[in-house]
Amino acid sequence: ALLLGVYDTDGNLRYAGRVGTGFDEKRLRSVYAALQPLKVSKSAFVGPPRGRLAQGVQWVRPRRVAEVSFAQWTDDGIVRQAVFHGLRADKLAREIGREETVMADVQKKSRSARQTSGDSVAGVVITHPDRVIDPLSGVTKIELARYYEAISATLLPHLKARPVALLRAPEGIDAEQFFQKHMAQLTIPKVRILDAKLDLGHEPLMMIDSAEALVGAAQMGTLELHTWNAIATSIERPDRMVFDLDPDPSLPWSRMVEAATLTKALLDELGLQSFLKTSGGKGLHLVVPLARRHSWDSVKRFSQAVAEHLAATIPARFSAKMGPKNRIKKVFVDYLRNRRGASTVAAFSARARPGIAVSTPIQWAELAVLKGSDHWTIRNLSARLENLKNDPWQSYAKTRQSLSRAATQLGVDLLDE
């Protein structure tokens with residue numbers, strides 16, 4: 001069973017009874033794993049249960065929120081006939097107070113009002129539509145949902161068939177953020193659950209393949225979409241390699257342009273075509289499409305060799321070691337995006353940063369005139385797309401490359417050859 005609590009109007013956590021039904025073995029294991037890191041020796045309740053009610057209890061810090069249905073409150077503030085439905089990550093524990101019952105006709109009026117207020121996007125009702133998720137720009141939750149609906153036809157090909165991880169900020173980018181790689185117990189409208197065998201030992205991975213799922217993710221506080229370098233049906237053979245150029249924040253943008261140009265020159269010398277996109281933050285992403293013939297370890301080994309070659313050849317400009325102290329006045333060539341299970345923010349995904357910029361594919365010729373990686377946002381990207389004559393990544397889908405010859409040139413032994 002779980003002991004439940006709610007906060008009173010004075011901010012005190014009050015014991016509210018326990019819930020012991022609604023669990024199966026899998027859910028019990030999942031909840032146990034989530035609570036293990038929160039173990040403490042003392043109760044956080046004001047007026048905790050004592051005697052028999054406290055026997056065998058393992059106290060935890062009150063950080064996780066449970067969704068529970070129940071029949072009624074007793075006079076002393078205890079829930080009756082409680083049923084557990086799952087842990088939630090879209091609410092903060094401090095927000096949870098005592099809920100009172102409401103009459104059915106009031107609920108119907110409230111639901112009707114929501115449906116007629118324009119708060120439904122792609123058939124998904126957006127709760128708290130006017131919540132400001134970015135104080136700098138004033139972007140609201142429903143504005144983000146409408147962006148994802150509008151961009152869906154352009155964005156979905158970059159998500160197609162790939163496991164996706166979500167960066168969620170339910171209360172806005174200035175509040176707590178969550179990086180969610182697996183479905184767990186949270187139900188996100190229209191998001192598909194992948195075969196659990198793809199990532200053994202974890203909850204199932206997720207995939208987004210519709211506008212409704214994009215908006216459903218936004219409804220649950222998602223800002224960023226991060227994808228694997230492989231598709232679900234060929235999970236052990238990556239079909240792309242990513243170099244994330246991550247600068248020391250003090251560097252001017254001209255150094256980023258230089259770093260991307262030099263990295264491209266090396267890849268060109270190795271016979272590998274690369275495609276460029278802004279990160280939506282400070283850096284740039286070079287994406288190298290691959291034929292599905294190399295293992296994760298081989299792709300990681302090759303990308304590491306590229307990063308180390310750049311760092312050894314131009315040590316004043318590049319670093320191949322992660323950590324702020326290793327990239328002072330330098331650009332870190334992050335090859336770790338190429339490990340199994342790692343992910344990179346998808347093209348046309350919003351970023352959970354002030355201004356709500358968008359990771360945007362660009363032509364190499366545009367790099368010289370670009371002023372920063374956060375130039376395009378959810379508010380001005382549509383103007384760019386309307387004015388584009390050609391897709392900057394027009395040949396991406398048809399480009400499939402082997403690393404074999406390039407590995408020989410670079411002196412790298414691929415593990416699968």
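Student: Which side chain does the side chain of histidine 226 make a polar contact with?
Tutor: The side chain of glutamate 224, at 2.8 Å. Keep in mind that this is a predicted model.

Student: Where does histidine 226 lie?
Tutor: Histidine 226 lies in strand β15.

Student: Is histidine 226 buried or exposed?
Tutor: Buried, because its relative accessibility is 8% and the cut-off for buried is under 20%.

Student: What backbone atom does the side chain of histidine 226 reach?
Tutor: The backbone nitrogen of valine 345, at 3.4 Å.

Student: And which residues does histidine 226 touch?
Tutor: Leaving out residues up to four places away in sequence, histidine 226 touches Pro163, Val164, Ala165, Phe179, Ser343, Thr344, Val345 and Ala346.

Student: New topic. How many cavities of 30 Å³ or more are there?
Tutor: One. The largest cavity holds about 50 Å³ of space.

Student: Which elements give two or more residues to its lining?
Tutor: Those are α3 (141–159) and β15 (222–227). The lining includes Lys141, Leu144, Thr222 and Leu223.

Student: How do the lining residues of the largest cavity divide?
Tutor: Six are nonpolar, two are polar and two are charged. Among the lining residues are Arg131, Ile133 and Gly221.

Student: What about confidence? What pLDDT does the protein average?
Tutor: The average is 89, and 92% of the residues score at least 70.

Student: Where does pLDDT stay under 50?
Tutor: Over residues 102–118. For that stretch the model has five contacts beyond four places in sequence.

Terms used: Residues are numbered from 1 along each chain as its sequence is written. This is a predicted model: local features need pLDDT of at least 70, side-chain atom pairs count only at pLDDT 80 or more; totals for chains, interfaces and linings use all residues. Side-chain values use heavy atoms; hydrogens and water are left out. On a 1 Å grid over the protein atoms alone, a cavity is a set of points where a 1.4 Å probe fits but cannot get out, and a pocket is an open set with protein on both sides within 12 Å along at least five of seven lines; lining residues have an atom within 4 Å of a point. Grid points are joined across faces, edges and corners, and a volume is the space filled by probe spheres set on the points. Helices (H or I, at least four residues) and strands (E, at least two) are DSSP runs, numbered from the N terminus. Ala, Val, Leu, Ile, Met, Phe, Trp, Tyr, Cys and Pro count as nonpolar, Asp, Glu, Lys and Arg as charged, and the others, Gly among them, as polar. pLDDT is the predictor's confidence in each residue, from 0 to 100. Contact means heavy atoms within 4.5 Å. Buried means under 20% relative accessible area, exposed over 50%, partly exposed in between (1.4 Å probe, protein chains only). A polar contact is a pair of N or O atoms within 3.5 Å; within protein, one must be able to donate a hydrogen and the other to accept it, and residues adjacent in sequence count only if both atoms are side-chain atoms.
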